[in-house]
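I opened the notebook to look up ring pairs and one set of strands. Here is what I wrote down along the way.

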Amino acid sequence: MITAIILRFLHYVIALSVFMHDLIFSIPNLYGMVYSKKNLVASIRSDAKLLKKLPMHVGLVIVENNFSYRDIANIIVWSVAMGISYVSVYDINGEIKRNSILLQQQIERSKQETFASEETKFEISLSVSNNKKNVANNEDGSCSKQARVHVVAAEDGRQNLVQATHSFCELVNNNQYLIEDIVPSSVDSHIQKIFQLPDPDLVILVGHIDSLLGYLPWQIRLSEILKLPSHKGVNYKAFLSVMNIYGKTEQRFGK
């Protein structure tokens, strides 16, 4: 009799433990659901106002084997809703670059769900490195907020440096430049003309590999680098956590 009571009590304790475990680990998903059902863009704007600083350019470096274009699109749209003007998306093999049309389609879906009635006030222009034609672009300039998304791969970072090197060699060879004139600021200016984006203020490394795998090697020397474990199934709370950490960082620029 006593043994049966003890076993029943243990059963209740175990059942309660399992229930509490599931409840605790479901909270992040519930948080994401609440955000999705509310006016998400208003919530994001409120969160952005609480940040001490906001990056102008976020680099999203994905070091995972498979890609969820919808989740990548969500991160892009959350960034734009916060007021970030530039996002670059990188994978070493260029798979996202080759599927940029699919990414743009998912951006449009995410934008509709996030901005709701304000969707037409936001234009997200997506372009592919080494391709002059944008996948999507606002022609009439009627949007109150415009953001640029640039999709890059490993060859783009190296190629920018190669082009800059060739250009400086020609300038020196034609007596238009002295070797002493080639300083970091002049290289900066030249590469920005090629890349047409400011250097990333924040790089979000997504995945379990502690390497940027060749992402824009010159442009990231002053970037803050933070991590997300995965982009698959990522919710707004996880993205906001990264932005909060960035907002609290003090960049000393080598001082």
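I call a residue buried under 20% relative accessible area, exposed over 50% and partly exposed in between, with a 1.4 Å probe and protein chains only. My model is a predicted one, where local features need pLDDT of at least 70, side-chain atom pairs count only at pLDDT 80 or more, and totals for chains, interfaces and linings use all residues. Residues are numbered from 1 along each chain as its sequence is written, and side-chain values use heavy atoms, with hydrogens and water left out.

**Entry: aromatic rings**

I searched the whole structure and got 4 aromatic pairs. Here rings of Phe, Tyr and Trp (its six-membered ring) pair if their centres lie within 6.5 Å; planes under 30 degrees apart are stacked, over 60 edge-to-face, and the rest tilted.

One of these pairs is Trp-78 with Phe-239, tilted, with 5.8 Å between centres and 45° between planes. Trp-78 belongs to helix α3 (residues 69-82) and Phe-239 to helix α8 (residues 236-248), so this pair ties together parts 161 residues apart in sequence. For such elements I use DSSP runs numbered from the N terminus: helices are H or I with at least four residues, strands E with at least two. Trp-78 is buried at 6% relative accessible area, and Phe-239 is buried at 0%.

Next I looked up Tyr-90 and Tyr-215, which pair edge-to-face at 5.4 Å centre to centre and 70° between the planes. Tyr-90 sits in strand β2 (residues 86-90) and Tyr-215 in the loop between β6 (202-206) and β7 (224-228), so the link spans 125 residues in sequence. Tyr-90 is buried at 1% relative accessibility, and Tyr-215 is buried at 1% too.

I also noted a cluster in which ring pairs link Trp-78, Tyr-236 and Phe-239.

Which residues is Gln-219 in contact with, leaving aside neighbours within four places in sequence? I found Asn-160, Ile-191, Phe-195, Asp-199 and Pro-200, taking contact as heavy atoms within 4.5 Å. Gln-219 is in the loop between β6 and β7 and is buried at 4% relative accessibility.

**Entry: strand β6**

How many residues of β6 are buried? I count 5 of its 5. Leu-202, Ile-204 and Val-206 point one way, Val-203 and Leu-205 the other.

I then checked the strand's partners, where pairing needs at least two DSSP bridges. Strand β1 (residues 57-62) runs parallel to β6 over 5 bridges, with Gly-59 bridged to Val-203. β6 and β7 are also parallel, over 5 bridges, and Leu-205 has Lys-227 as its bridge partner in β7.
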